[in-house]
Amino acid sequence: MTQVDEQGRLEPPLAADETGTLLGFLDYQRATLAWKCSNLDAAGLKATVGVSPMTLGGMLKHLAYVESHWFIRSLHGAEWPPPWDTVDWKADHDWDWHSAADDTPEQLFALWQEAVDRSRAAVTKALADGDLGQPAKRGWPDGQTPSLRWILCHMIEEYARHNGHADLIRESVDGLTGE
């Protein structure tokens with residue numbers, strides 16, 4: 001039975017197999033980010049808290065990058081999709097965070113949603129070809145290669161960590177609180 005919470009997020013399944021549980025928790029974390037960033041104008045997406053330069057807009061763009069990095073580049077070994085394929089990371093290693101200030105809310109949400117959609121398709125393709133233990137096509141310089149299971153767990157962690165940041169930023173913008 002699918003349950004939806006008061007923010008419209010699908011609750012992760014209570015009794016699914018490993019794949020369903022991991023994908024359920026990842027989608028829940030994605031939905032939490034979307035909720036924390038929803039209904040804000042450009043100023044709201046550019047707001048910061050304290051001395052941190054982190055913004056909700058930067059978070060959307062960063063997580064679009066992270067989705068592409070793990071599910072497109074690492075898992076499938078593909079080349080970078082736009083806009084990542086033209087970024088000079090040596091000139092600005094935090095380009096994803098910094099450049100978000102130049103994007104509209106619509107552009108940021110579209111970039112993030114496109115990355116999530118590509119990632120979901122990439123995971124579906126990978127699972128059609130193997131299980132959670134399959135290694136990514138692209139590993140680390142030291143020769144280690146993460147499994148799809150590791151990538152999914154890492155992405156849940158990445159979203160959960162940034163959703164904690166999003167809680168603080170969103171509350172500073174308009175007082176919205178909640179898990």
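In this predicted model, helix α5 passes helix α6 in a left-handed crossing. The axes of α5, which spans residues 105-129, and of α6, which spans residues 148-174, come within 12 Å and cross at roughly 155 degrees; since angles over 145 degrees count as roughly antiparallel, α5 and α6 are therefore roughly antiparallel to each other. On the α5 side the contact is made by W112, V116, V123, A126 and L127, and on the α6 side by L148, L152 and Y159. Of the residues in this contact of α5 with α6, eight are nonpolar, while none is polar and none is charged.

Helix α5 also packs against helix α3, at an angle of about 20 degrees and with the two axes 9 Å apart. Because angles under 35 degrees count as roughly parallel, α3 and α5 are roughly parallel to each other, and α3 passes α5 in a left-handed crossing. Among the residues that make this contact are L60, A64, F71 and I72 of α3, together with L108, W112, V116 and V123 of α5. By class, the contact of α3 with α5 comprises 13 nonpolar, three polar and three charged residues.

The largest nonpolar core has 41 residues, and M59 and F71 are those with the most contacts inside it. Two or more residues of this core come from each of α1 (18-37), α3 (56-74), α5 and α6, with α3 giving the most, namely 10 residues. When neighbours within four places in sequence are left aside, F71 is in contact with L26, R30, H76, S119, A122, V123, I151, L152 and M155.

Note on methods. Residues are numbered from 1 along each chain as its sequence is written. This is a predicted model: local features need pLDDT of at least 70, side-chain atom pairs count only at pLDDT 80 or more; totals for chains, interfaces and linings use all residues. Side-chain values use heavy atoms; hydrogens and water are left out. Axes are lines fitted to C-alpha atoms, for helices over the stretch in contact, and angles run from 0 to 180 degrees between N-to-C directions. Helices (H or I, at least four residues) and strands (E, at least two) are DSSP runs, numbered from the N terminus. Angles under 35 degrees count as roughly parallel, over 145 as roughly antiparallel, 65 to 115 as roughly perpendicular and the rest as oblique. A crossing is left-handed if the near helix is turned anticlockwise from the far one by less than a right angle, and right-handed if clockwise. Contact means heavy atoms within 4.5 Å. Ala, Val, Leu, Ile, Met, Phe, Trp, Tyr, Cys and Pro count as nonpolar, Asp, Glu, Lys and Arg as charged, and the others, Gly among them, as polar. A nonpolar core is a set of buried Ala, Val, Leu, Ile, Met, Phe, Trp, Tyr and Cys residues joined through side-chain atoms within 4.5 Å. Buried means under 20% relative accessible area, exposed over 50%, partly exposed in between (1.4 Å probe, protein chains only).
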